[in-house]
Amino acid sequence: MKKTLLTVLILALLTTSHAQNRAILFEEHFNSTSLPYGWTIDGVAQDRWMISETNNAGDAANELLFRDNSSKTTAARIIMPSVDLSEVNHLFFSFKHYLANNGEPKTIGVATSSDGGHTWRQVWNGEYGESGGHFECFEVNTPDLGQPEVKFSLCIYFDRNTQAFNDWYFDDFRLFTMQTLDLGIQALNVADVVQVGLLEVGMEVFNFGIMPILSVEATYEIEGEWPVTETFDVEIPSMGRQVLTFSQSKRLVPGSYRLSVNINRVNGMTDEDNSNNNCEKRLVVALGTVEKFPMLEHFASSTCAGCLPFSELMNELCENNAGRYTYTAYQMPGPAPGDPYFTEDGRTRALYYDLQFVPRCYPDGDFHYIGAIQQSVFEQLANKLAFVDIRGSFAVDGNRITVKADVMPYIDIDTKIHIAVNEKETFDNASTSGETSFHHVMMKMLPDGDGTFFHFKAGECQHLEFDCDMSPTHVEEMDDLEVAIWVQHHEMIVKSIHALAEKEILNSRFAYEYTDEHPYPVENLVLIEPAVCSDTEFLTTEWDSPSLGNPIGYNVFVNGELVAENITEQSYDFSVEWGMYYVVEVQAVYSEGKTSVKQAATMHYLTSLNETLVEDGLLFPNPATTTIHINGLKVSEVQIYNTLGQLLKTIQGTNEISVVGLPKGMYLLQITDIDGKVYPNKITIQ
């Protein structure tokens, strides 16, 4: 939903001719980098309210952030600018918020005042335990309304210990009087990064009006694609919400797209507030997905009294999830005298996360968690889609370690690759914490704690090699090492206090241990134009063996599905369908179960349309100007593609196809009859 600047509209008269704006009394979307004009802070939290350039609570950055690690229980309020509501007797308030919590449930409330903040009257409160986002909308029923010559104030407040949560985000504040007909889009149910193939578009809507909603006409449009309009039969009561999903999906090829959704009509009419009828976002279609390995970064110290129970819980988590995670532990210099295995690389990572205390663990770079990671949180991380694949290996010669790493991205993204050489278990840094052994202890980062920056292009593998003398480090045993490799998002976000990075870790892996056999990927992977064999068409994929490796076989994947396992041939044929987009990946297989990252090749199977499959006279006229007639078929569906393979339009159940609005040029039609037989054809539009 498009962000707007602070708008305070006073309803002196409810007869304004601009019906779409007459119900909004106040709204704020926090576009600026500082607290908006007229907002004030009361209580002990003067330095904990700030503007964050994130979008956890709302649909677009920026948003309001409350950050508190105080043990004080005095009220902490943020107060909106006062407005004159002397003529208003019925008022509603809505806002979005996102809690990052890792402790006991927390309570937030809304209160009003008509005496300059000396007296506050609670009008709503809610208790929240789990981290997550919420939308609130309720009636503000208070004696402070309708008071003549009085400035009305409203605040968000906390009035008890908030120590156990990190951050609470807020956005899209709105004071309004309820109109008769007003439906708004709250969010789009589409991820920021999606897999190649059919995209299903959904939206969550909320009824801000008095009248129940029985029908909704809406349109979604994807950049470069034909719009899709649908009418939904619904039953949404006043102050009710519902998720609507369009029945027609779009088949998208990898790339970046702008998605826009708009409510056209409600109950067959234009509703009274069109400011909340549109929502848009930028989405990325990935080349493919891979298995996710959560990365756990653990900050601790052998002089920290609370680190022992924390470490015991983390060790138990690792035992229960063997082979499913990557781990690095940084020993810190405090509490004094600090861990003797502290390093400057560890300091760099601590500063990166703005570490305030130990013990602390950052799962996949997420700073929202304070305690040890629970199994439920681990499962959420492990079940996410991953769009970066990683393989690595290392060998040891005396006190030197050689590390090789391959990273294959499935999306275009700016990231850093981090590599940590850990010792699996150390003993000599034991001190006063009660711990006698420590696990996954980082000894050296390659090249350092800042990592290596890359501008990744989807499908282009990056290879890194490092050679390091471990003599200056704290390594106790050179035969007890492991190497952790992870890729971390590097897009900078400027906040009101200091510059932070969006720290999400896209994927991670432990390297193969103590081996000179690095799993190099295949080379020169190609897809060859299809050849017609009887009534079936095939694509052929071919590749060369790695010039630096000696694999024992190859795995072949088509659109994410394993179709050939550990074959020794260096080519593979598979049947194809006209109009489909194919992503073919080949993975080299080495001894002892080692595998390389996959190399990928793609083809949208349209340009190879064979003329023998085109039936003469099926389409009339051809060339066409406004309408195409399909002769001699009972048509079930027609799909129109451009020559780049993009699906422009889908028409169902008719033999007359309108081409009005399509630019002049050649197009490809896939006609499906009622028996499911497909007739691919070409058409020219003049």
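This report walks through the fold, the cysteines, the aromatic rings and some backbone details of a predicted model.

**Overall picture**

The protein chain has 686 residues, and 53% of them count as buried. Three helices and 50 strands make up its list of helices and strands.

Four strands form an open sheet in the order β47-β46-β49-β50. The pairing is antiparallel. Which strands lie at the edges? They are β47 (647-652) and β50 (678-685), and each pairs on one side only. On average, neighbouring strands of this sheet are turned by 20 degrees against each other, with direction ignored.

Look at β49 next, which covers residues 665-673. Eight bridges join β49 to β50, in the antiparallel sense. Within β50, T684 is the bridge partner of M666.

**The cysteines**

A disulfide is a covalent bond between the sulfur atoms of two cysteines. The count here is one disulfide. C304 and C307 form it, with their sulfur atoms 2.5 Å apart. The link of C304 and C307 is right-handed, with 95 degrees about the S-S bond.

C361 is in no disulfide. Its nearest cysteine sulfur belongs to C318 and is 8.7 Å away. A pair must lie within 2.5 Å to count as a disulfide, so that distance rules this one out. C361 is itself buried, with a relative accessible area of 0%. C279 is another buried cysteine, at 2%.

**Rings and charges**

The structure holds 39 aromatic pairs. A pair of aromatic rings is described by the distance of the centres and the angle of the planes. One of the pairs is F93 with F173, whose centres are 5.8 Å apart. Their planes meet at 75 degrees, so the pair is edge-to-face. This pair links distant parts of the chain. F93 lies in strand β8 (residues 92-101), F173 lies in strand β13 (residues 165-176), and the two are 80 residues apart. F93 is buried, at 0% relative accessibility. F173 is buried as well, with a relative accessible area of 0%.

Charged ends also sit over rings. The charged end of R174 is over the ring of F176, 4.9 Å from its centre. For K598, the charged end sits over the ring of F557, 3.8 Å from the centre.

**Backbone details**

| Peptide bond | Omega | Loop holding the proline |
|---|---|---|
| A336 to P337, cis | near 10 degrees | P337: between β25 (326-331) and α2 (344-352) |
| N622 to P623, cis | near 15 degrees | P623: between β44 (619-620) and β45 (627-630) |

Now turn to phi. H440 has a phi near 60 degrees, a positive value in a residue other than glycine. H440 is placed in strand β30 (residues 438-446). N566 is also a residue other than glycine with a positive phi, near 55 degrees. N566 is found in strand β40 (residues 561-567).

Where do these residues stand on burial? H440 has a relative accessible area of 10%, so H440 is buried. N566 has 39% relative accessibility and therefore counts as partly exposed.

Technical notes. Residues numbered from 1 in each chain as written. Predicted model: local features only at pLDDT ≥ 70, side-chain atom pairs only at ≥ 80, totals over all residues. Heavy atoms only, no water. Buried < 20%, exposed > 50% of the residue type's maximum accessible area, 1.4 Å probe, protein only. Pairing = 2+ DSSP bridges. Axes fitted to C-alpha atoms, helices over the stretch in contact; angles between N-to-C directions. Phe/Tyr/Trp six-rings, centres within 6.5 Å; stacked < 30°, edge-to-face > 60°. Lys NZ or Arg CZ within 6 Å of the ring centre and 35° of its normal.
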